[in-house]
Each structure stands twice: as structure tokens, then as C-alpha cells.
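Student: I'd like a close look at one part of this model, with the cut-offs spelled out as you go.

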Amino acid sequence: MDVSSAALYTICSLSTVALRLASYVFLRWIPGHVFPPFIFTAFGIYASIFTVLYLSKSAYKVAATSSTVIVTQPNEIEITDNGETTGLLKKPPPTIEATETIVYEKKDPHPVRTLLFGLPSPSNGKLSLITFGINALLALATWDLTFRSHYFYQEQDLSFSRIGYVGPDSAKLLIREPIRDRWPVTVWYSLDEPIVPETHLVDIIPALYNETDFTKTITIKKLHPETKYRYFTSSNHTGTFTTAPAPGARPKGGKFTFLTTSCIKQRFPYNPLAHPLSIKGFKIISSMLEELQASFMLFLGDFIYIDVPRRPGTDVESYRLQYRQVYGSPDWPPVGNHLPWLHVGDDHEIANDWDQGKTGVYNAAMDPYLHYQHGPNPPAVRQGGETYYHFSWGSSASFFMLDTRTYRSGNNLPDGPGKSMLGTQQREDLINWLLKDDGVVDHNGDEVQWKIIVSSVPFTKNWHFGENDTWAGFLWERQQILEAAWSIGGRSGVVILSGDRHEFAATKFPPPEGSRWAKEKSRAVDVHEFSCSPLNQFYLPVRTYKQVDDEDVVIKYIPDGNHKFGAITIDTTNEEQAVLKYRLFVDGEETWSWVLAAPAAGKKASMKKKLKQWA
């Protein structure tokens, strides 16, 4: 083999190895935007060199050679005038006969080398076709995951509806109907009973417009607490929901359950046989709804991935497309028709690690977020267009849903009072919500038993990858929130729910030893965080969560699993204490659980006098 051929074989092998490793990572581990151009380039190099090698090489090699040479010397001849031999007149030259025999045999097909390194087999066309086909299929699968849904599933005609926030006497309903022949859209509701009772008209929507991507949020009013209803639309959609307990009332049976998770990317890990918009996480939850009896889903951000694996554009339509594709998944109706979904946004609804406020692509990104997520959400804390929310579930729990992207300072700025994830106003609203009696009390005059902070990014600093994008980069502000949370210990339990990391971790935040919050030993002041994701995405192949001090105490760390969600049950049936039970589900199986306790309603009144000195 000459030098040039050896170089071609080396390049062919290296391009195969690079293509196959990158394809595996892209299709099964991390669908990063850097992989498709790398994979397509590697395949282009491979295909061209493979063709040259395949066409230029013979299928046979020389097995043996032999040569035979025969030299014949003729006799001398004498000729006379009368025909008699009288002497030597002419001496003819000798004759030489040479024979070479070459034996050929087929070259060794080298099946292992051919299949492992993608090299053409010199003697086996089928092996060559198979190894080339493997690389071609990997490149095709990369194209499929990257481009197919964008070009062939834009969901312009998507018609759907979903329930959002459900209060004690009302419920928000999102409707999308772009097909003019179905206008006007009429909405009714009734009690959800085997024999449908009298229906009540909610609204008649004469038309929907492109300005809102043909969506509209309406409110179903005049409902009764803790009652199951069914809604109907003239566009052939229906669903069920159960209203919340009355303000200050305990839920029927003394307990309720809700779900929490984050991060969705369709058809990941890649399955060539699955629908391009399939979301296995939806399937898992829908199969368990009857068992879980969940009242609602708290989705903690990254509902779309605008920049993974390829950003289609920076205009409004590019962002709208992403929402339509999630809601257009064939797996959405079973999980969306009978479970209210509440949302906070995170970076991938805008751009990775977004910290640029309302500049750049922010307005384009927020257009569909406001129509698809914000509209059906709970009431905003302030009515000036803010996108952080507050709601309560009877006397059991009060929720504060943070906006961690709109108001944040630059991630890489030095930490301190001048750096904020929430902005001054939202931070003040959060701390006021923590410290006050919340205005939602039960019949004994006591406030809610659990206060739950909903953050799209982890509160703990134990994650050591991209930590500046989490609360680890905003420790001064985090401390203000923790101090407010510690100060109400014994009055309400405080729990933080977060996502983003594609892993699960439970973390405890105890007050510092010797601090005024830690001196009252009878008070349960520890704050706890449950960070859970993804619902349908990759998980990191390396471990990035580790406790480094006594401020953030690890309870449990479970990194693996492409489909994770938490089920939280708040149980107020125990007169001595209110219980919060967290159950983690990974790939459809319950893998871990944890129980927290807060003072029961009857125990709080005796604590109020003591708590005043700590506030």
C-alpha cells in the first residue's frame, strides 16, 4: 500500500469513528446544536473517500507466481550445390520460450475492520454496503431529528384546548382554533357526571386572530369549590377539571396532590419509529393520572427548546412554532385534557442562559409565551404586565411562581446587593409574601401550612456546572430570601421547587449555627428544595452535584433518567402536624420519597407570639 492510499484509509477510519461517536451522543445523550454540522461534515468526508477507495481497489490479490524459460539450439546445417551437405553455410539462432504463471485469490473481506471503521471491503460488496449504510443512516437520523419536524410538522392548523389555573369558583381555559369554518367557537360547561346534566354557556368567540396565533383565554365562572366539571367546545374539544378548595378551607379528605417537573424536547432520546412530535414523558404521566389523582401540574420552565438542536430563527413565528409543536404532540391530549397546567418560563423559552432582560429576542420570545402560558396562568402578583404569580390551595398551601429571567442582572457580574435574579420589586413581593399571614386563613384563623416557592433554576449552590446561571451566582439575594423563610419557621413550612438541571436533587438549607433563627429549637425552620427535571430530555453523563459546605446539605441526588417528575401530596389530616410527601418518579417508576412536617393549624396560634421577636 502506497503512502497516499494509507492516508486515505486513515482519514476514512477517523471520519467513521468521529461520525459514529458524535451521532450516538447527539441522538441518545445531548442534542446540542454543535453536533449536526459536525456529523454532516464528517459524513461528507467519509462518503467521498469511501467511494474513491471502493472504486480503485481490486477484489483479488496475487497468491503465487512461477516462471518457465525454455531455450532451444537448432543443429548446424551444411549445404552443397548438388544438395549435399558439404559444410556450414548458416547457423540459425536459438529459440527461447518463456512462460509466467500467476495465481490470484480473493482478498480477505476483513469484516471486523470493515464494520468497525467503515472501510470498504475489497472482496465483499455486501459488507461494504452495510458499513456505508450504517454511517448514512446515522447522518439521516441526525437530519431527521434536526429538520423533519421543522419542515413537515409546523402545526399551522393545530386546534386544541387546555385548562390552566383553577380556583375555587373559576377556571381558565385556553383555546386555539385557526380554521375559519369552525368559527364562531362556543364553549359550555357542566358537572362531570355519567349522565351529562344541564350545560351552561361560557362564551361565544366570533373569531380568532393571527395577532395571538389564533389563541384566546377565557374564564369559566360561577363554579363551586372542590367540584368536578367538564367543558365542551363547538370545535370538538372537551376536558375535565376539579376546582380548588374555598379560601381558608382544607381540601376534602384532608389532602391533595400536584405534580412538578421541567424541560421538554420532542422525540428524545431519538427513536426513528416514533412520531416526530412524540413526548414519552407525557405518555408516562397520562398513564398514571388516575392513580396519582393530581390537582394540577407546576411546570418549571423549558417547555420549549428554541435553540436545541437548531434555532429556526429569531422572529415571532419561530417561537410560536415551538409551542404549537409541543401542544401538537399526539401525546398531549391524554395529559392535557384532564390536568390543569401552570407555567413559569426559563432560558430556553428565550435563549440559553438568558440574562439580557427585555432586549434582543426577548419580545419575540414572550409573544407566544404570553398567549400560550401566561394567559391561562394564576393571577399575576402585579397587574402591570409582570410574569410572576401567586395562588393558594385552600389553607394547605400558598404558591409564589417566580420569573427568574426578565429582571435578572448579568450572570457574570460580581455578586452583591447590586446583583439580582428577581429585580427589586419582585424580591420585595416575594419576601412580603413569605413574612405576612398571606391573607388566606383557615377557619381557626391560622394561615396556610406550606409556602412553596417556584423557581425555574436551582436554589442550591451544590451544582458545579453552569452555576452562575443558578442561584449560586446570586448568593446575596438568596440569603435575603432564606432569612425571610427561616423567620416564619413554626408558622409555615417553606419548600422550594425548581428544575433546569436535567437531574434530581433534594437539598436542605438549615439556619446558621448560633443565629437567631436557630436558637428556638422547637421550631422547624429548615428550608427544603426539590429540584426535578427533565420530563423529556437528556440527563448529564457526568456528575455535577456535590455538597461543599454545611449551608446546602444534600438529602438525595439522582442524576440518571430521561423522564422525571415529582408528585407532592400535602396531607392535613394529622392534628399534630401537616405533612408534605415528595415522591420522585424516574422513567415511570417511583424511585424515592421523602416526608416533611410543618406545624398543624392548631399548633400555630401558640407560636405566633414567639415568632414576632424573630420577624
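Which residue in β9 is the bridge partner of Ala171?

Tutor: It's Ile220 that Ala171 bridges to in β9. Before going further: this is a predicted model, where local features need pLDDT of at least 70 and side-chain atom pairs count only at pLDDT 80 or more, while totals for chains, interfaces and linings use all residues. Residues are numbered from 1 along each chain as its sequence is written, and side-chain values use heavy atoms, leaving out hydrogens and water.

That bridge belongs to the pairing of β6 (residues 171–176) with β9, which is antiparallel and runs over six bridges. Strands here are DSSP runs of E with at least two residues, helices are runs of H or I with at least four, and both are numbered from the N terminus; two strands pair if DSSP finds at least two bridges between them. In general, strands of a sheet pair through backbone hydrogen bonds, either parallel or antiparallel.

Now zoom out to the whole sheet. It is open, with three strands in the order β5-β6-β9 and antiparallel pairing. At the edges stand β5 (160–166) and β9 (215–220), each with a single partner strand, so one side of each has no neighbour in the sheet. From one strand to the next, the twist averages 25°.

Rings of Phe, Tyr and Trp (its six-membered ring) pair if their centres lie within 6.5 Å, with planes under 30 degrees apart counted as stacked, over 60 as edge-to-face and the rest as tilted. That rule gives 48 aromatic pairs. For Tyr165 and Phe391, the ring centres are 5.8 Å apart and the planes sit at 65°, so this pair is edge-to-face. Tyr165 is in β5 and Phe391 is in β15 (residues 389–393), so the pair ties together parts that are 226 residues apart in sequence.

Conventions
Axes fitted to C-alpha atoms, helices over the stretch in contact; angles between N-to-C directions.
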